[in-house]
Amino acid sequence: MRIRCPYCGPRDHSEFSYEGDATIKRPQNEDAKAWHDYVYLRANPRGRHKELWSHVAGCRAWVVVERNTLTHEIYESYLPGDMKDD
Amino acid sequence: MTEPTTVNGAVRNEKASGVNTQKRIKFTFDGRQYTGFEGDTLASALLANDVKLLARSFKYHRPRGVITAGSEEPNAIVELGEGACVEPNTRATMIRLSDGLVANSQNRWPSLKFDISSINNLFSRFLVAGFYYKTFMWPAKAWMFYEKIIRKAAGLGTATRKFDPDRHDKLNQFCEVLVVGAGPAGLSSALALAAQGKNVIIADEQPAPGGMARYQSHDKTRQWIEEKLSQLNALENVRILLSTTVFGAYDGGCYGALEHAKQENDYSPRLRYHRIYAEEAVFATGALERPIVFGNNDLPGVMLAYALRAYVNYYGVIPGKNIVIFTNNNSVYDLAADLLDLGCRVTVIDSRADSEPAGKIRDSGGLVYNNAVVADAKGWQQIEKVSVYQKGLRFDQDCDILAMSGGWTPTVHLQSHLGSRPIFNDELLTINLTELKTETTITVGSAAGIWDHGDCIRSGEMAAEGETAQSLQSNSNATEALYYVSQSRNKSLVDYQNDVALPDIWLAEREGYRSVEHVKRYTTLGMATDQGKTANLNALAILAQARGCSMQQVGTTTFRPPYTPVAMGAYAGRSVGLHFSPVRRTAIHHWHERNGAVMLDVGQWKRPQYYPLNESERLRDAYVREMTHVRSKVGMVDVTTLGKISIQGTDAGEFVNRVYLNRFDTLKIGKVRYGVMLREDGFVFDDGTTTRIAENEYMMTTTTANAASVLLFLERLNQVVWPELKVHVFSVTDQWAGIALAGPNSRKVLEQVVDDADVSNDALPFMGFLETTICGVQARIFRISFSGEVAYEINVPADYGESLWAYLLEKGSNFELKPYGTESMGALRIEKGHVVGAELDGRTTVQDIGFGKMLENCKKPIFIGQYYSRRRLFNDPERMQLVGLVSTDKTMSFKNGSQILAEPEITDTPVDSLGYVTSMTYSPERDENIALAFISGGLSRWEDKIVYAHFPLFKLTVEAKVVSPHFIDPQGERLRG
Ligand SMILES: [Zn+2]
């Protein structure tokens, strides 16, 4: 499997480290449920998913990878700043 | 008619195209020397030497010979090589003969011809499916005992425990189209694709292209293969990988391929693991011939018809003169004609009422029986005759070889790896893919259920145009649905390698195992190293018949990678021994080595543990001597391995402030501050110091162990969580060499080396920072201390690390400067009560380590851990908190990991533990054995009380007094001096 790094182009997945769900947002307030969800709760979606991968053995950019958890197909990848909210 | 010629005692067909009879090769099998020819496999060479018994079977130790001429071989499994090079469970049909090759049979004792365990065969009616599970289920403990004996008796070869002396390599390959299989369909497809200008890789597991077509006797076919090969060789956009098995298809167009690269007298690695990235793939993987299940169908001398054709026409080996061919289809009649041509006696037993090519064979002097089956093979250790059943009558027919063909099964493993599910096709009477084409792959030739040579070529060419050849699919061999012979009287094997016989499947079905996946696991069918390549379809047919349902209803099992076994060495490649993991050496490493330091692995780093005075000085004496010297004079230690992270940008101050629990926005330029970093769940993550180098530049140090994870965490905060902050973080660990000077004389040494800087206590006080030069080289001096002594950490560009070390030693000699290692460094920090990784194990809070004030004082709106560090339970006085322990008996030292109890004896288990010991040392300054520990209730409850540190594994109990964790200089006067 290869992942396209916005800086380095398509690179082998072994250069990347999986860093979890890209859609979680650090709470801006002291809401208990928001913090609980942010720190502890992770969805395990079937199908299209936004994931964070760090190009640790490359340029060290963090990349949002949109990937199908069922078929492993990768749709697109971009920098976290370019992520649009669903 | 061509007369067989005799070469070196072995009869060879002189028209053989696969061997070079000019080049003889000597090899040894089971201690006896034989001769073969260049191009031979071990199997063909042994057959040429009339060796038909090659192995004993897995469970019943039945005699076994060669069944196939390819990678699906279930029987002729041998141990290749000797000593450290030994490779168990190799298929004799895939071993290229090389000079001096040594192979041995396996799973037999004392010898292949006389094998004691073959007595299992007599008791085989007790050794049915699930026998082991049923017999040894109870009592549970007995299974542990029986398992060892069973594993020894029923088994495969033994792997060596020696280091593999061979080299293996890994490489990445990229292409537009990968063509798997270089038979007629693969070759034509590759050529057509190459003509379109495509960048093509064509791979085949055999050392020569041509696939099954190589085994034909027609000159025209052989010429066609030669011609296509030379055309491909001439093209620059085609790479041909022979002896290379594409064993797995993975996500994103990635394919795993294993090349048996080593040739004789060549310095190539033995195995090459290719990771091939292909935009598209053409699967021209061919088909496998099926055996027929009848009595003693595993007797040496029984083989697949295609295999006999390969041995006769390609390897030139004629293993018999009187040959019976048992078939349910037309594909064997060319073989019958070839054999008659060579002067053999040929008898065809054809299960079908009528066979169109029979007339030609009869005209050439062969016998053909229709409506007939071979019920049983007979003979002692090799075939002597067959019992034929025809229309209610039985008769014996002498023979020395029995060739069989139960039809052909397309090889669709790679497609299956990618998620395609083959199903049984009633018209083709074999399994078939529902879709020959997917978005990135297309299946051609016999793998697509196409049998005619010309049709296979056509389907390959069509694939290059993106067209599937569904229309060319047919049952052109007129195969009949015969899978097993019901008139057999002897053991009929379905899965040769795992010794699964016909009644095992019936038994599984009777006991309620209806799903094919369950039958597979219960009988172990298809679970040997050959993964049942020759067995699976027959088993499905037998199960369907037993269940009284169709083959589609039974379904198929799932194929998983690898297609054929892959040695671990190929996956490891060059990453063995020292190259298993990168070794990180500091810039001062070679000085440590030259000066006799005992080096210790700390993650990937090598660090000096201690510097023994002489050969007899042991660790304990050395570290006590080194730390005593630091406390009385001065010492220096290599601290290059500490993580160093540069944080720069206009928002650097805000960023650092958010990362740590304590304040950093108030830190002045040229000052250092100790910081504690939390995780979002409120527990302590790491600690270290951060220095403000300039207005917008900070330098953070981390523990050696957490350097990588802290960096990754900061990058997440920087790039994902707070991208609006204008800041950059990057590791500078490798850019700077670090040396810590510690001890009462440290300032005097420092004064000697700096070019012209004031390093007095006023100019460079505790937690001060100075950017200066030493011998004109940039030097950063941090006044920090983890030992409790006056100490400095000097950073210079890494290239100057060793010269600074030597310069310090030279200039410090007047003040008795000596190096010390990580062991004494650790002991010094324990005496001081400074926590490190052993204490910060992810379960401790700031309150637990005595920094609760830091949290109370924290008024920052945003920092990591801001929400969960304020959990009520973190203030629970029952939590385990950091304390010091002093052994009441000076001769008793602590053991890390000891559990702390209030009682000296454990009278009853389970027992509630009060806490545990994290770090221990001998303290020369106090002349006592001391330790850091976590204990429920902490110092406020336990100070000056007696507890017991138990280490039940060694039956060790140490009586201890609970004290403050700051064993020396609790007010910190010494380090500020
Ligand atoms: Zn990158």
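Q: Which residue of E9(B) stands opposite B:Phe29, and what makes E3(B) and E9(B) a pair?
A: B:Ala103 in E9(B) stands opposite B:Phe29. Strand E3 (residues 20–29) of chain B and strand E9 (residues 101–105) of chain B are joined in the parallel sense by three bridges. Two strands pair if DSSP finds at least two bridges between them, so E3(B) and E9(B), with three bridges, count as paired. This is a predicted model, in which local features need pLDDT of at least 70, side-chain atom pairs count only at pLDDT 80 or more, totals for chains, interfaces and linings use all residues, and side-chain values use heavy atoms, with hydrogens and water left out. Residues are numbered from 1 along each chain as its sequence is written, while chains are lettered from A and ligands numbered from 1 in the order in which they are written.

Q: How do you know that E3(B) and E4(B) are paired?
A: Seven bridges link E3(B) to E4(B) in the antiparallel sense, and the criterion asks for at least two. Among the partners in E4(B), B:Thr35 is bridged to B:Lys26 and B:Gln33 to B:Thr28. The hairpin of E3(B) and E4(B) has two residues between the strands, and B:Asp30 there takes a positive phi near 50°.

Q: Why are E4(B) and E8(B) said to stand at the edges of the sheet?
A: Strand E4 (32–38) and strand E8 (87–91) of chain B each have a single partner strand, so one side of each is left without a neighbour in the sheet. The open sheet has five strands in the order E4-E3-E9-E7-E8 (chain B), with mixed pairing. From one strand to the next, the twist averages 40°.

Q: Why is B:Ala55 called buried?
A: Its relative accessibility is 1%, and buried means under 20% relative accessible area (exposed is over 50%, partly exposed in between, with a 1.4 Å probe and protein chains only); B:Ala55 is therefore buried. B:Ala55 belongs to strand E5 (residues 55–56) of chain B. Strands (E) are DSSP runs of at least two residues, and helices (H or I) of at least four, numbered from the N terminus. Not counting residues up to four places away in sequence, B:Ala55 touches B:Arg62, B:Pro63, B:Arg64, B:Asn75, B:Ile77 and B:Leu112, where contact means heavy atoms within 4.5 Å.

Q: Are B:Asn296 and B:Asp944 buried or exposed?
A: B:Asn296 has 16% relative accessibility and counts as buried, whereas B:Asp944, with a relative accessible area of 51%, is exposed. Phi of B:Asn296 is near 55°, and that of B:Asp944 is about 70°. B:Asn296 is in the loop between strand E16 (287–289) and strand E17 (302–304) of chain B. B:Asp944 is in the loop between helix H24 (938–942) and strand E48 (946–951) of chain B.

Q: What makes the span of H17(B) close to the expected one?
A: Helix H17 (residues 619–632) of chain B has 14 residues and reaches 20 Å from its first C-alpha to its last.

Note on methods
Axes are lines fitted to C-alpha atoms, for helices over the stretch in contact, and angles run from 0 to 180 degrees between N-to-C directions. The expected span of a helix is 1.5 Å times one less than its number of residues.
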